[in-house]
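This report covers aromatic ring pairs and charges placed over rings. Please view the model below before reading on.

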Amino acid sequence: MGLFKKKTVLPKRTQHIEANLANSKIHVKNVKKIYHSAKGDTLAMDNVNLNVLENEFVCIVGPSGCGKSTLLRMVAGLDEISDGEIIIQDHSIIGPGADRGMVFQAYTLFPWMTVADNIKFGLKIRKIPNDEQDAIVDKYLKVIKLEKFRNSYPKELSGGMKQRVAIARALANSPEVLLMDEPFSALDPQTKADMQLLMRQIWQVEKPTVLFVTHDIEEAVFLSSKIYVLTSRPGTVKKEIPVYLPYDRDLSLKDTEAFIKLRKEVNSLIDHEQI
């Protein structure tokens with residue numbers, strides 16, 4: 001009697017949460033964002049918690065002004081956290097870093113550089129040997145299907161092609177996570193759909209961890225393995241929604257009953273925030 005201590009068994013939900021946190025790539029803990037001005041303080045985000053696992057594709061949606069892009073910028077280290085903590089892998093974010101690649105809505109390519117040189121930009125800064133740079137560029141030109149435009153300049157590319165180069169440039173540096181802030185919102189509907197399909201295919205092959213902000217609910221459902229819906233200001237997580245759709249996806253998925261049902265669920269959550 002008394003030789004053995006009784007083993008503590010955690011509830012199944014607690015076990016699940018702890019297992020997820022152990023495999024976490026991005027962990028946002030109780031994050032708050034306050035903007036200070038002469039007119040007073042504005043609480044933009046409050047008690048935001050989310051968890052992105054290794055190789056997950058996670059989308060953030062919510063009403064306008066809820067802080068989606070602000071949250072992404074804080075994960076990128078481009079905007080300061082007022083309170084809480086953001087952890088990438090096992091270290092707290094205190095500023096920008098090479099462990100995070102960022103793709104913005106605007107086409108942030110250097111107009112004086114060719115497609116190949118734009119993709120090489122980060123590699124040159126890191127002083128990667130030239131032969132390795134060329135091999136990496138060759139790989140990602142093939143991934144984004146722009147091999148024939150290696151020596152073209154941004155002014156010679158369409159909007160969708162420019163954004164493909166921006167994605168390749170981010171991936172070429174092998175970041176821990178890829179952060180994407182409404183990268184396809186300026187594109188025409190057909191190009192946007194093509195880019196969504198390409199992005200899904202890139203994710204399935206390259207397996208980056210992706211945190212993707214979008215206003216487009218259909219886009220979020222098509223791309224993601226998990227969706228976080230934010231409330232209106234001050235933004236916080238209203239619901240975490242797993243996306244149980246086929247792993248291999250094409251655009252015809254958008255016409256299926258399961259897709260439409262999930263899209264309507266997310267849309268309803270956001271509509272209630274705007275009432």
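Which residues do ring pairs link into a cluster? The cluster consists of Phe57, Phe184, Trp203, Phe212 and Tyr247. The model is a predicted one.

## Ring pairs of phenylalanine 57

There are 6 aromatic pairs in the structure. One of them joins phenylalanine 57 to tryptophan 203 in an edge-to-face arrangement, with 5.9 Å from centre to centre and 80° between the planes. Phenylalanine 57 belongs to strand 3 (residues 57-61) and tryptophan 203 to helix 6 (residues 189-206); the pair therefore links distant parts of the chain, 146 residues apart.

Phenylalanine 57 also pairs with phenylalanine 212. Here the ring centres are 5.7 Å apart and the planes meet at 40°, so this pair is tilted. Because phenylalanine 57 lies in strand 3 and phenylalanine 212 in strand 8 (residues 209-213), the contact ties together parts 155 residues apart in sequence.

Phenylalanine 57 has a relative accessibility of 0%, so it counts as buried. Tryptophan 203 counts as buried because its relative accessibility is 6%. Phenylalanine 212 is buried too, with a relative accessible area of 0%. The cut-off behind these assignments is under 20% relative accessible area.

## Charges over rings

Lysine 33 is placed over the face of tyrosine 35, at 5.1 Å from the ring centre. Lysine 254 has its charged end over the ring of phenylalanine 222, 5.3 Å from the centre of that ring.

Definitions and conventions. Residues are numbered from 1 along each chain as its sequence is written. This is a predicted model: local features need pLDDT of at least 70, side-chain atom pairs count only at pLDDT 80 or more; totals for chains, interfaces and linings use all residues. Side-chain values use heavy atoms; hydrogens and water are left out. Rings of Phe, Tyr and Trp (its six-membered ring) pair if their centres lie within 6.5 Å; planes under 30 degrees apart count as stacked, over 60 as edge-to-face and the rest as tilted. Helices (H or I, at least four residues) and strands (E, at least two) are DSSP runs, numbered from the N terminus. Buried means under 20% relative accessible area, exposed over 50%, partly exposed in between (1.4 Å probe, protein chains only). A charge sits over a ring if NZ of Lys or CZ of Arg is within 6 Å of the ring centre and within 35 degrees of the ring normal.
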